[in-house]
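Subject: Structure handover and findings

Hello,

Here is the structure I said I would pass on. My notes on it follow below.

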Amino acid sequence: MTIKNIIFDFGGVLLDWDPRYLYRKVFKTEEEIENFLQNICTTEWNAQMDAGKPFAEGVKELIAIHPEYAKEIQMYKDRWSEMISGQIDEGVSILKQVEASHQFKLFGLTNWSSETFPFAYNNYKFLEIFEGIVVSGEEKMKKPEKRIFHLLLERYHLTPEECIFIDDNQNNIDMANKLGIHGILCQDFAKVKEEISNLTGLKLK
């Protein structure tokens, strides 16, 4: 079946987001940073906001558990924008080349808090390229739950077999593949370009 749509994840594909960018300004050593991110503001905790929990609620709950880190936990919300270092040039180049071909419709599917996503959208104009974007925090569901993939497909009337999905998380790729979407794991941009070319015939620089 012909590929008609290409769906991009954002963090790790188009935007370089990492809380370490902020906390290197806060803690003195990498060991302190890793302890904080592995035991206090964990990936699992952050995922609650991606799934729609208000940041104020998540921060309040965590401070109650770790009051000794109250200041640093609050920074996760108040200085969140400092966690984005900028765009990922290789990923944005792929996006713009695909757009320039005029062969595909482009969509975004991202795990992102509804409170912080507007900052990214307003500051990185290439996000305006997308015909539609599904943000987990707005929908109160997140990847790799199959229902958020179904939501994207149904909202924009997409056929799974006509879609490519690019993401840096293997679990998300696995779910896309189970649903009939052509998943491409984004860990090597040269391989991403090669796989897009193999599936579509589009040659990317």
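His-102 is exposed, because its relative accessible area is 72%, over the 50% cut-off. Please note before reading on that this is a predicted model. His-102 sits in the loop between H6 and strand E4 (105–110). Its phi is positive, about 60 degrees, although His-102 is not a glycine.

With a relative accessibility of 72%, His-157 counts as exposed. As background, most residues other than glycine have a negative phi, and most peptide bonds are trans.

The bond joins Lys-143 and Pro-144, with omega at about 5 degrees. Pro-144 is found in the loop between helix H8 (136–139) and helix H9 (146–155).

In soluble globular proteins, nonpolar side chains tend to be buried together. Here the largest nonpolar core has 52 residues, and Phe-8, Tyr-23 and Ile-166 have the most contacts inside it. Helix H6 (residues 89–101) gives the most to this core, namely four residues. Apart from this core lies another one of 18 residues, with Leu-153, Met-175, Ala-176 and Leu-179 among them.

Beyond its neighbours within four places in sequence, Phe-8 is in contact with Val-13, Leu-14, Gly-91, Ile-94, Leu-95, Leu-106, Phe-107, Gly-108, Leu-109, Phe-130 and Ile-166.

Val-92 is a residue of helix H6. Its relative accessible area is 2%, so Val-92 is buried. Outside the four places on either side in sequence, the contacts of Val-92 are Leu-14, Gln-87 and Phe-126. Val-92 and Leu-15 are 77 residues apart in sequence, while their C-alpha atoms are 8.5 Å apart in space.

The end of the chain

Leu-202 lies in the segment after helix H11 (189–200). What makes Leu-202 count as buried? Its relative accessibility is 11%, and the cut-off for buried is under 20%. Not counting residues up to four places away in sequence, Leu-202 touches Val-98, Ser-101, Gln-103, Phe-104 and Ser-197. For the pair Leu-202 and Ser-101, the separation is 101 residues in sequence and 8.1 Å in space, C-alpha to C-alpha.

Aromatic rings

The whole structure contains 17 aromatic pairs. One of them is formed by Phe-36 and Tyr-69; this pair is tilted, at 5.5 Å centre to centre and 50 degrees between the planes. Phe-36 is in helix H2 (residues 30–39) and Tyr-69 is in the loop between helix H4 (55–65) and helix H5 (70–78), so the pair ties together parts that are 33 residues apart in sequence. Phe-36 counts as buried because its relative accessibility is 0%.

Trp-112 and Phe-117 form an edge-to-face pair, because their planes stand at 75 degrees, with ring centres 5.6 Å apart; the cut-off for edge-to-face is over 60 degrees. Both Trp-112 and Phe-117 are buried. These two residues also belong to one aromatic cluster, formed by Phe-8, Phe-10, Trp-80, Trp-112, Phe-117, Phe-119, Tyr-121 and Phe-130.

The largest pocket holds about 940 Å³ of space. Its lining has 34 residues, and those nearest its centre are Trp-17, Thr-43, Asn-46, Asp-50 and Asn-111. The elements that give two or more residues to the lining are H2, helix H3 (43–50) and helix H10 (170–178). H3 provides the largest share, with six residues. By class, the lining of the largest pocket consists of twelve nonpolar, 13 polar and nine charged residues.

Regards

Note on methods
Residues numbered from 1 in each chain as written. Predicted model: local features only at pLDDT ≥ 70, side-chain atom pairs only at ≥ 80, totals over all residues. Heavy atoms only, no water. Core = buried A, V, L, I, M, F, W, Y, C linked by side-chain atoms within 4.5 Å. Buried < 20%, exposed > 50% of the residue type's maximum accessible area, 1.4 Å probe, protein only. Contact = heavy atoms within 4.5 Å. Phe/Tyr/Trp six-rings, centres within 6.5 Å; stacked < 30°, edge-to-face > 60°. 1 Å grid on protein atoms, 1.4 Å probe; cavity = no way out; pocket = protein on both sides within 12 Å on 5 of 7 lines; lining within 4 Å. Points joined across faces, edges and corners; volume = space filled by probe spheres on them. Nonpolar A, V, L, I, M, F, W, Y, C, P; charged D, E, K, R; others polar.
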